[in-house]
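The following exercises concern a predicted model. Please work through each task with the structure in view before reading the solution.

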Amino acid sequence: MSFLDNVTPQWIEEQYLLWKEAPERLTAEWATFFSGFEVGLSASTEGEAAWTESLAKGAAVQALVHRYRDMGHLLACTDPLSLCKTDHPLLGPQAFGLDASDMDRAFPTELFPSGRATLRQILTFLRQTYCRSTGVEFMHIQEPEKWDWLVKRLESTESSIDFPAGERLRIYQGLQQATLFERFLHRKFPGQTRFSLEGGETLIPVLDAAISHAARLGVTDVILGMPHRGRLNILANTLGKPFENIFSEFRDEGQPGFVGDGDVKYHGGFSADLEPEGAARVHLTLAANPSHLEAIDPVVEGKCRARQDRYGETCGRRVLPLLIHGDAAFSGQGMVAETLNMSQLEGYCTGGTLHIVLNNQIGFTTLPADARSTRYATDVAKMVDAPIFHVHCEDPEAAVRAVRLALEYRLEFGCDAVVELICYRRYGHNEGDEPYFTQPLMYRKIKERPPVGELYGRRLVEDGLPEADLERISGEIAARIDSASAQSASVPDTGYLGRWAGYQREYSPVKSETGVPRETILALSAALSELPFDFTPHPKIAALLQKRRAAVEAGQGIDWATAESLAFATLLREGTPVRLSGQDSRRGTFSQRHCVLFDTVSEQGFIPLARVATEQAVFRAYDSLLSEAAVVGFEYGYSLESPETLTIWEAQYGDFCNGAQVIIDQFIVSGETKWGRASGLVMLLPHGYEGHGAEHSSARPERFLQLCADNNLQVTFPSTPAQYFHLLRRQARQPFRKPLVVLTPKSLLRHPDCVSRLDEFIAGWFREILPSSAEPEKVEAVLICSGKLYFELEERKIRDGRDDTAIIRIEQLYPLRLDLLREELGRFRNTRSFTWVQEEPRNMGAWNHLRPFLAEIIGSDPAYAGRPESAAPAVGSARLHREEQEKVLLKAFGG
C-alpha cells in the first residue's frame with residue numbers, strides 16, 4: 001500500500017481550500033506546496049484528471065519529505081562495523097506512489113530557495129541531509145517550534161559547509177592526542193587496567209569542540225560526569241591533568257598530598273580553567289565517581305544547580321552539565337530516566353544537559369540484543385523530547401557539527417540534547433579481558449580497523465593538507481608524553497579552595513553555643529505567623545500558625561515543627577541559605593511542616609520563611625519527584641558546591657533511603673576519604689515503631705552505623721524540639737562539613753510531652769548525651785535508650801512509681817561522645833543493673849554498635865531489652881505490635 005492509497009482528492013481539495021482561507025493553519029510544507037501548485041496551475045492546460053493526479057503526487061512528495069525527517073536516520077551510515085544500508089521500504093519513492101517517471105518532474109518544495117525542484121533533486125538533498133554520517137531523531141518532539149527550529153538548522157546550507165584547514169588540524173590533533181596517549185600506556189604499563197578509549201577517540205575532539213562552542217555561547221562553567229572508560233584520556237587531554245601525575249599513579253606511587261584512602265586512578269576528579277580560542281575562559285570540572293554507572297548523573301546536576309543559584313540564574317544557561325554515558329548503561333540504568341525526569345522540574349532544572357553517549361556496541365560481554373528492548377540505546381531520552389544525533393564515530397567532522405548543534409538547541413530552549421557516537425571498543429571490558437571468547441566475529445572486524453586518527457589523516461592528505469603538518473602534530477604530542485614519563489609527579493594543592501577555603505577537614509566535637517536571643521525568636525515567630533492581607537489561608541492552617549506563635553510567646557509547649565521553622569528562620573536571618581527537598585516536604589509527610597501555604601481561592605503559594613527578615617538568605621523548598629536515588633544524588637551534589645547552604649533531603653519515611661543506597665554508600669559515606677570531597681548534606685529520616693508495618697517503621701539506623709568510621713558521618717536521634725533546633729543550627733555553623741543523618745519523629749510530632757520551653761532555645765547547644773534527672777543514690781537500675789522510646793519509658797516509670805530507675809538518652813549515636821557517656825554513667829557507679837532499650841529487633845537498631853562501648857564503660861555487657869532478631873524490621877499487625885512493645889517495656893523494667 002502506498003501513500004496515495006490513503007490520500008483522496010477530496011481531502012487534498014479540503015486542505016487547498018483551507019490554505020486559501022487561512023494559510024497560517026497549515027504547515028510550512030503544505031503552504032509551499034499549494035503556493036507552488038497555483039503557480040504551476042496558472043500555466044497549465046491539463047484537464048481535471050491530470051490536475052487531480054498532479055495535486056496528489058505533489059502531496060506525496062511532501063509526505064516523503066516529512067518521512068525522511070522522521071525516519072531518515074534508518075538509512076544513515078553510522079556504524080563503523082557494518083555495511084551502510086542503501087534503501088528502506090518506507091523511504092523509497094514507491095512507498096508514496098511515485099516511480100521512475102516522476103524522478104525528473106518538478107514539484108513545489110520548501111527545500112530549495114526557488115520553491116521547486118525535481119524529485120531526483122529532492123531525494124538527493126534528503127539523503128545528504130538525513131542519511132549520511134549522522135542520523136537525527138527529532139520528530140518525536142511535540143512542540144512545533146522546536147522541531148521547526150531543528151529542520152531549519154539541519155536543512156540549511158551551513159550544515160554542509162566544509163571545515164577550514166585550521167579546524168580540521170585541531171580535530172586531527174585531538175584524535176592523535178587520544179591515540180598516542182593510549183599507545184604509550186599500553187606499551188609502558190602492559191596489562192594494567194585503564195579502560196582505554198581506543199575505538200572511541202573521536203570523543204576527545206568532540207569534547208574540545210563542545211567546550212569551545214559552549215564558551216562562545218556564554219557558558220562559563222562546565223561540570224562533567226562520566227564513567228571510567230576513557231576517563232584517563234579526558235583527564236590528560238581535555239582537563240590537562242599532568243601526564244607525570246597519571247604515570248605516577250600507574251607506578252602506584254600514590255596520589256601526592258592526598259589524605260585518605262584514595263581510589264583507583266580512573267575514578268578521580270579534576271578541575272581546570274581553559275581558555276578556548278575566540279571565547280572567554282571557562283572553568284571545567286570533572287566530578288569524581290565510583291564504578292556504579294550513571295550514579296554520577298544527578299550529582300552533576302546538583303552541582304550545576306548550586307552554581308546557577310549562586311549566579312542568580314536558576315535553570316539558566318551559564319553552567320553546562322555535560323554527561324558522558326556508555327550505551328549499555330544509558331539504556332539499562334534507571335538512574336538515567338530519573339535524572340532526565342528532573343530536567344524540567346522547578347527544583348532541579350539546570351537549563352538543559354548535553355548528553356554524549358559513547359556507544360561501544362557492547363556492555364562488558366553483553367550485546368545490544370541482550371541489553372535492551374529498543375532500537376537505539378538512546379531511546380529513553382525521548383521521554384523528555386530530547387533531539388538525538390546518531391553519529392558515525394569515524395567521521396569526526398560530523399560529530400563536531402552534531403555537538404555544536406546540540407549546544408545551540410540547549411541554549412535556545414533550555415532542554416536536554418543527546419549526541420551518540422557510534423564506535424567500538426578495541427580491547428575487552430578492560431585490558432586484561434579477552435573479548436574473542438564471546439564476540440569473535442565482532443573483534444575480528446575491530447582488529448582490521450585502523451585507528452580513526454589514521455583514517456582521518458588520510459582524508460586530510462587526500463583533500464590537500466600537507467602530510468608534514470600531520471607528522472609535526474603527532475611528533476609534538478609523542479615528545480610531550482615521553483618527556484613527562486621521565487619527570488616526577490607534581491604535588492597539587494590539596495587544601496580546600498574557593499568557597500571551601502574557610503572550612504577545616506577534621507571533625508571536632510567542640511561545644512558550640514547555638515542559642516538565639518529571646519527578642520529575635522519572638523520577632524521571627526511573629527513574622528512566621530503573618531500572612532499577606534489578600535491571602536486566604538485554609539482555616540486550619542490559620543489556626544495552626546496562631547497556635548505556634550502563642551506557644552512561643554507563652555514560652556512553653558513549642559512543638560517539633562515550630563522548632564524547625566525557628567531554626568530555619570534564625571539561620572536565614574544570619575545569612576545561611578536553606579534548601580529543603582523531598583517527597584511532599586513542603587507540607588510534610590505527616591502534615592506537620594507547612595512551610596509553603598496555599599491560598600484557598602487562587603491556590604497561589606506563599607512562603608513565610610522567605611520574608612522573616614529585611615536582609616536574609618534564600619529559603620528554597622521543593623516537593624521532589626518520586627525518586628530517592630536521583631534526588632539524594634542531586635542534593636549531595638548541591639552540598640558539594642554550596643557548603644554555606646544548609647542542604648536537606650527528607651525521606652517520606654525513613655526506610656525510603658533504601659532506594660538511594662548506592663548514593664549513600666558510594667558518595668555520602670565514603671566520598672571524602674576516596675576523593676577528598678566533603679559534604680554537609682542533612683538527611684531527615686522519619687523513624688519509630690508505631691504499628692505501621694515493616695516498610696514504615698525503621699530508617700535502618702544499623703546500616704548507617706555500620707558505615708561509620710573515621711568520623712565520616714554524624715548519626716543522631718534527637719528526642720526534643722529544642723535538641724532538633726540546636727542540631728540544625730550546629731550543622732550550619734560548625735567549622736567543618738560532615739553529612740548528618742537525623743532520625744526524626746512521627747507520633748512525637750504531636751505528642752503532648754514532646755515539647756520544649758522557650759528558654760531551651762535562648763541558651764544552650766545540641767547535647768549528644770541527655771542525662772537523667774534521677775538522684776544517683778536512689779538509683780538501682782539505669783536504662784539507656786534513644787529517641788521516641790524515652791517517652792514511653794518515662795511514662796511507665798511515672799505510672800509504676802519507679803524512682804529507683806534512671807533513663808539516659810544517647811542523642812548522637814556517632815561519633816559517640818564516650819567522654820560524656822562515661823561521665824554520665826559514672827554518676828551511677830553503685831548501680832548494678834544497666835540495660836540498653838530499643839524498639840528495633842536485636843539484629844537492627846543501635847545495639848550492636850553501642851554494645852562494646854557500653855561494656856567498656858560498665859565493665860560487662862549491659863542487658864538487652866528489645867525485640868528479638870527478625871528478618872523484617874517490624875510486624876504487619878497493629879495488635880502484634882502493641883504486644884511486642886509491651887514486652888519491651890516490661891523487660892526494661894525487670895519484668
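**Exercise 1. A peptide bond**

Task: Is the peptide bond from tyrosine 814 to proline 815 cis or trans?

Solution. 
1. Omega is near -10° for this bond between tyrosine 814 and proline 815, and the bond is cis.
2. Proline 815 is placed in the loop between β22 (812-814) and α28 (818-826).

**Exercise 2. Salt bridges**

Task: For the salt bridges of lysine 152, arginine 305 and arginine 105, name the partner and describe the surroundings of each pair.

Solution. 
1. Apply the criterion: a side-chain nitrogen of Lys or Arg within 4 Å of a carboxyl oxygen of Asp or Glu. By this rule the count is 56 salt bridges.
2. Lysine 152 pairs with aspartate 148 at 2.6 Å, N to O. The two are four residues apart in helix α5 (residues 144-154), which means a separation of about one helical turn. An α-helix has 3.6 residues a turn, so residues three or four places apart point the same way.
3. Lysine 152 is exposed, at 54%, while aspartate 148 is partly exposed, at 30%.
4. Arginine 305 pairs with aspartate 309, with the closest N and O atoms 3.1 Å apart. Both lie in helix α10 (residues 296-311), four residues apart, and both are buried.
5. Arginine 105 pairs with aspartate 102 at 3.6 Å, N to O. Arginine 105 is partly exposed, at 27%, whereas aspartate 102 is buried, at 2%.
6. Salt bridges also form a network, which links Arg168, Asp395, Glu397, Arg459 and Asp463.

**Exercise 3. Helix α10**

Task: How does the span of α10 compare with expectation, and how many of its residues are buried?

Solution. 
1. The expected span of a helix is 1.5 Å times one less than its number of residues. The 16 residues of α10 should therefore span 22 Å, and the end C-alpha atoms are 23 Å apart, which agrees.
2. Of the 16 residues of α10, 14 are buried, and the helix is mostly covered.
3. Glycine 312, with a positive phi near 75°, follows α10.

**Exercise 4. Packing of α21 and α22**

Task: At what angle do helix α21 and helix α22 pack, and which residues meet?

Solution. 
1. Helix α21 (residues 629-641) and helix α22 (residues 661-669) pack at about 10°, with their axes 10 Å apart. Axes are lines fitted to C-alpha atoms, for helices over the stretch in contact, and angles run from 0 to 180 degrees between N-to-C directions.
2. α21 and α22 are therefore roughly parallel, a label for angles under 35 degrees; over 145 counts as roughly antiparallel, 65 to 115 as roughly perpendicular and the rest as oblique.
3. From α21, Ala629, Val632, Gly633 and Tyr636 meet Ile663, Phe667 and Ile668 of α22, where contact means heavy atoms within 4.5 Å.

**Exercise 5. Phenylalanine 535**

Task: Is phenylalanine 535 buried or exposed, and which residues does phenylalanine 535 touch?

Solution. 
1. Phenylalanine 535 lies in the loop between α18 (518-529) and α19 (539-554), and at 12% relative accessibility this residue counts as buried.
2. Leaving aside residues up to four places away in sequence, phenylalanine 535 touches Leu597, Phe598, Asp599, Gln604 and Phe606.
3. Phenylalanine 606 is 71 residues from phenylalanine 535 along the chain, yet their C-alpha atoms are separated by 8.4 Å.

Key:
Residues numbered from 1 in each chain as written. Predicted model: local features only at pLDDT ≥ 70, side-chain atom pairs only at ≥ 80, totals over all residues. Heavy atoms only, no water. Buried < 20%, exposed > 50% of the residue type's maximum accessible area, 1.4 Å probe, protein only.
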